[in-house]
Amino acid sequence: MGQGLSIKKCDLKITMNNNNHHTEEISTERLVVRRGQPFTITVSFSAPIHSYLQHLKRTFLIVQTGSHPSKADGTQTEFPISSLGDQKQWSAALEEQDPCFWTISVNTPANAPIGQYTLLLHASKSNCLLGNFTLLFNPWCQDDEVFLANEAQRQEYILNPEGVIYWGTENAVLAQPWDFSQFEEDIVDICFTLLDVGEHHQRAKDHTQRKNPIYICRTVAAMLNCDEFRVILTECGTGQYHNGTPPSKWLGSSPILRQWVASQCKPVRYGQCWVLAAVMCSVLRCLGIPTRVVTGFTWAHNTKSSLSVDECYDEDGTLLTQDKSARIWTFHVWNECWMARADLLPEYSGWQALDATCQEKSKGPSFCGPAPVKAIKEGDTKVDYDVCYFFAAINAKCQVWIQKAGDTLRPALSGTKYTGNNISTKSVGSERCEDITHNYKYPEGSLQEKEVLDKAYRNIKELETTSSSSETQFSAIPTALEELVNPFIHLQLKSSLLLGQDVLLSIEVFNYSSGEKATHLVVGAQSLHYNGVPITQLWKEEFHFMLKSNEANNLQVSVPYSRYRKDLGENNLLRLTAVLRDKDSYIYFAQEEISIRDPPLTIEFPEKMVQYQPSTAKISISNPLTEPLEKCVIVVAGRGLIYRQRKYRLGSVQPKSTQELQIPLTPTQAGPRRLTARLTCLQLQNLKSYKTINIAAA
């Protein structure tokens, strides 16, 4: 280059910089850094430079990002190399100089757009390419909007590639493993492809928006499951998974993201709420936004921000709720991401709820969030984004209606069904389940809860533009009747059962009135999907009896395994209902849900395992049924233990017996490592297990 300044090479010091920026897990071959934190490069010259100060005055660095970088839109920036850098903006400081090389510290501003950057050195009217680097959000930097002060939380919510997702019922919370894979090398490129495709469909050309974590969260959420975009996942709630992978079979995010890119961005089949939330977590953690997966039980979906949800049953207790209408989900999974909300009051900074699952909304995109969790708890439903939807989902009350002959609806007298229970997430640094319901709600029945509900109800009424909500369609039930109904009929059963066991149900019926009552009781069992869509009515039994004044009747019934074994559904959920009618035509209703547990799949490791030393893990499957488990296949995966996934065909496991499988493996990475196993057979589709072992360094 003119005036004797000729570049021989540039050392990006990838190993040192990536270690300093907590990105060494992403790559050891390319420079990946976090904004608001300097990185160091060394530029070597072809010929010695003696009067370096004169050259320094005529030399500056250029960084650029995006397909059409320009100074005007902020995607190209020039800055000089000085003796002191400026930590608030793009700057460069000469740390060490020699006639043959300069060592330069490059500082990125804490609000720079994330993305793929090119670094150039300009001298004597020409540019020389020094290299490329990837810039991510920085939760270690106090000036970054995603700054998270607690190191243990940063390790969990940014750096941990292994998660646990909760499902089941509020009384029987179950855990399933998930591999977020956010640091596998191609994932960071897929994440930026995802942003490119999302921005193309939104016709957003301003790359500088990528400095805003809110914008990134909303773009990713839109890309996951909005019909108008070239989405990553196709959602399917019916249990019919033709030409695709059932949601329960996914073990991690990377196969989904890779399949999406390999198919030229065609939607991957299939995902449901927990798959959407898990992939969202992978993408946001990869980009540097602290993120976790959250599960709530008894979730009111598609309420359109109404605080009332209707469930309709026929006279036999069979759920009739239509696919598209608002309904109660047994569980729902969404995300929380951590950030300062510069667009809102300071108290709304912190955890933000973000839900990629499609919602029916009167306006705006079909995803929800990011909504400050603090605003949800306080009932501040006017706060952006979509606080009203989250608030309604976890605070709506459910009204049961019985559809009689001629399609007339009658309100059933039943105990209040509360939504938003046992909101759960994986604990920091352990695989324990942490209940975070208190972050979203005040205690049930407390004065604070009443005040918040009153405030939210006023806000939501102001937002309503029509009177089409279920609250105005149906008249409320008299409070006096609600008060006497709670103990009138009561169901009691175990919250979960092992597959193969009969369901034992106890029904207590009380007559608190002053007169004798002739009653008709129908008890039923129905299988359903996690999202409240019924599969089929499995069993019912009817009783007629007289109840004297202040008399109780206790009935014991049993739903045999043979009645539910073939139509259980992939979520293993049964709903038990009781519909009681008396001579005065009052209808009393009670319900309970039960989770059917799969048989145990256990993983055992040797007492000690050492890096690079061959070893063996043992997987055992016990069959509690009186029939063989047929066509059994076990898929195992474990980063640092085995390469990619392995599949083993077991054949049949005989009734009341246990079969073992030896898994040879050679650990390649030290530290805690998790092995995950998934078994499928003709009878079971969603049996997963996992175990973590600490691998000693070689």
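## Aromatic contacts in a predicted model

W334 is buried, its relative accessible area being 1%. This value, like the others in this report, is computed from a predicted model. W299 likewise counts as buried, at 2% relative accessibility.

A search of the whole structure finds 20 aromatic pairs. Another tilted one among them is formed by F297 and F331, with 6.4 Å from centre to centre and 50° between the planes. F297 lies in strand β14 (residues 291-301) and F331 in strand β16 (residues 327-339), so this pair ties together parts that are 34 residues apart in sequence. F297 is buried, with a relative accessible area of 0%, and F331 counts as buried at 1% relative accessibility.

Aromatic residues also gather in a cluster, which is made up of F39, F79, W90, Y117 and F133.

Arginine side chains provide a further kind of contact with aromatic rings, as the table sets out for R218 with Y385 and for R292 with W351.

| Arginine | Aromatic residue | Distance from the ring centre |
|---|---|---|
| R218 (charged end) | Y385 | 4.1 Å |
| R292 | W351 | 4.1 Å |

The charged end of R218 sits over the ring of Y385, while R292 lies over the face of W351.

Conventions: Residues are numbered from 1 along each chain as its sequence is written. This is a predicted model: local features need pLDDT of at least 70, side-chain atom pairs count only at pLDDT 80 or more; totals for chains, interfaces and linings use all residues. Side-chain values use heavy atoms; hydrogens and water are left out. Rings of Phe, Tyr and Trp (its six-membered ring) pair if their centres lie within 6.5 Å; planes under 30 degrees apart count as stacked, over 60 as edge-to-face and the rest as tilted. Helices (H or I, at least four residues) and strands (E, at least two) are DSSP runs, numbered from the N terminus. Buried means under 20% relative accessible area, exposed over 50%, partly exposed in between (1.4 Å probe, protein chains only). A charge sits over a ring if NZ of Lys or CZ of Arg is within 6 Å of the ring centre and within 35 degrees of the ring normal.
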